[in-house]
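Please look over the sequence and the fold before reading on.

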Amino acid sequence: MDFAGVDASLAGRRWRWREGARGFADAQRLGVSEIIARLLAARGIAPEAAGDFLNPTLRAQLPDPFILCDMAPASERLARAVIGAETVAVFGDYDVDGACAAALIAGLLHEFGGKVLTYIPDRLREGYGPNAPALASLIAQGASLILCVDCGTAAEAVFAEIAGRADIIVLDHHKAEGPPPPIFATVNPNRPDDTSGLTGLCATGIAFLCAVALVRHLRAAGYFATRAEPDLLRALDLVALATVCDVMPLTGLNRAFVTQGLRIMARRERIGLAALLDVAESHEAPNAFTCGFVLGPRINAGGRISRADLGLQLLLSDDARAAQGVAVLLDQVNRERQVVEQSALAGALALAAEQRAAGHAVLAVSGEGWHPGVVGIVAGRIKERFNRPALVGAIADGMVKGSGRSVPGLDLGAAVIAARGAGILHTGGGHAMAAGFALEARRWADFQAFLNERLSAAAALPDAADLVIEGAISVAGANLTLAADLARLAPFGAMNQEPVLVIPAARVVYAERIGREGNTLRCTLAGMGGERLKAILFRAGDSPLAAALLTRPPALHIAGHLRINRWQGQESAQFTILDAAPA
């Protein structure tokens with residue numbers, strides 16, 4: 001049902017109650033406050049599972065890694081390589097998940113004293129996934145075993161070119177079109193014959209399970225009779241970072257991975273991440289936001305427009321001065337990436353608006369001169385603006401290479417794989433929410449027509465995603481105790497969104513622009529009895545929402561997140577504004 005009749009807010013959104021948000025769970029039985037009990041019920045958390053949700057542990061959630069198809073032969077082969085002091089190569093993708101998975105495996109092998117080669121392909125020159133020249137170069141350097149992490153599921157033709165020259169193991173999570181390639185092992189919970197149920201893991205999560213299985217094999221072989229076993233929990237900072245940045249569901253095992261991984265990250269033992277946090281001036285305890293919006297974009301920047309291996313180099317660094325240098329470089333490259341992104345964004349948004357007006361279900365735009373490294377980000381911006389699956393391609397030499405982003409409920413990866421199967425694409429793949437592709441420019445219209453038909457349900461979506469409301473609070477009730485209670489539901493992300501609450505009929509008694517560009521609004525809200533609450537609006541711009549807050553109308557229904565604000569050692573409640581509607 002709509003909250004207070006809001007069908008079109010100041011941000012153009014309809015507000016609706018989350019299903020189950022008005023349900024009731026026994027707070028006393030769960031040992032939580034009434035609002036937390038209601039929020040748990042709304043998330044479908046059964047009373048008997050509430051303890052594991054609020055206090056997720058690997059002890060309760062970690063599965064037997066051998067339930068994954070091919071994990072037994074993969075980890076056994078890796079154990080033989082460790083014992084036999086073989087040269088092992090790790091080939092990773094150029095995004096955060098690829099860098100973290102490669103760092104986890106390579107770091108562990110380094111700890112065992114093995115010779116490890118690493119390779120991250122250049123996005124522009126080599127593209128996504130393994131390529132025969134790169135693999136051949138690793139073999140020429142002595143690699144007898146090659147691990148492809150966060151890639152390789154669709155690389156059968158490439159692997160065929162080096163058949164018999166080295167054993168190949170794939171640790172991946174991307175959707176498979178059919179049976180796995182005929183290599184030594186393919187560990188991928190999304191392969192058709194895998195029954196593990198671990199389809200929500202990122203590649204780094206799979207790499208962690210592979211590390212667990214590897215240590216079991218080595219233990220059984222007596223490898224640790226004269227040496228200490230590695231502390232695998234120290235690698236959970238990588239798993240947490242990759243899980244958040246790859247937008248994996250923060251439920252079950254992933255929730256335990258991220259919760260425990262953030263605690264490891266807070267210890268700042270990984271020199272590279274500590275350096276990057278310092279460069280980004282992020283000094284508070286890390287959370288999911290830190291991973292997704294502070295660390296992730298900077299690590300990704302290298303693979304987008306600069307040297308693809310910078311992220312992996314940072315994560316593996318054991319020298320503080322060298323790590324500082326790489327962190328500074330990644331921060332600079334990320335700023336350059338933002339400029340490059342803006343150069344393509346305006347034109348892409350204009351083209352997308354035309355397609356939206358023409359009734360397209362899927363918004364697919366392409367342009368010459370757009371940098372292939374930022375098209376995925378631009379696609380995400382278009383998706384956010386129009387609430388439609390969006391694809392953005394960079395045209396060069398008669399080819400279009402690009403990325404797409406989808407909305408919940410519409411599987412873009414499957415659609416792109418189907419387009420490849422139909423002969424429209426040269427390459428293409430991905431998962432439900434994101435995909436990559438390459439095709440001849442002359443087939444662009446065919447590609448869009450195919451997607452419009454395949455994802456036709458998108459045409460019926462509203463122009464802005466509904467804002468899902470989970471509760472109403474007063475200004476007086478929006479206190480530090482409640483904010484701390486809500487924080488128990490963290491980490492927030494996919495499948496566990498931060499609760500959106502509404503303060504009905506609030507008065508804005510103070511509002512001003514702050515920040516270098518005045519793009520943030522600092523406000524004070526007042527309740528019926530004169531109570532006060534600090535509030536803030538980010539990315540305010542010249543939006544109707546910002547204008548309304550600055551003009552301070554008599555009353556507004558204000559929606560947002562109640563959070564703990566920490567400043568100079570003090571804590572207070574603060575409301576982060578997302579939207580508002582006239583009361």
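What should the 38 residues of helix H15 span at 1.5 Å a residue? They should span 56 Å, and the end C-alpha atoms are 53 Å apart, which agrees. This is a predicted model: local features need pLDDT of at least 70, side-chain atom pairs count only at pLDDT 80 or more, and totals for chains, interfaces and linings use all residues. Residues are numbered from 1 along each chain as its sequence is written, and side-chain values use heavy atoms, without hydrogens or water.

**Helix H15**
- H15 covers residues 320-357; helices are DSSP runs of H or I with at least four residues, numbered from the N terminus.
- The expected span is 1.5 Å times one less than the number of residues.
- H15 bends by about 30° at Leu 345, the angle between axes fitted to the seven residues ending there and the seven starting there.
- At the start of H15, a side-chain oxygen of Asp 319 comes within 3.1 Å of the backbone nitrogen of Arg 321.
- Gly 359 follows H15 and has a positive phi, near 90°.

**Helix H9**
- H9 has 18 residues and reaches 26 Å from first C-alpha to last, close to the 26 Å expected.
- Gly 222 follows H9, with a positive phi near 80°.

**Leu 209**
- Leu 209 lies in H9 and is buried, at 0% relative accessible area.
- Beyond neighbours within four places in sequence, its contacts (heavy atoms within 4.5 Å) include Leu 62, Pro 63, Met 71 and Leu 201.

Note on methods: Helices (H or I, at least four residues) and strands (E, at least two) are DSSP runs, numbered from the N terminus. Buried means under 20% relative accessible area, exposed over 50%, partly exposed in between (1.4 Å probe, protein chains only). A polar contact is a pair of N or O atoms within 3.5 Å; within protein, one must be able to donate a hydrogen and the other to accept it, and residues adjacent in sequence count only if both atoms are side-chain atoms.
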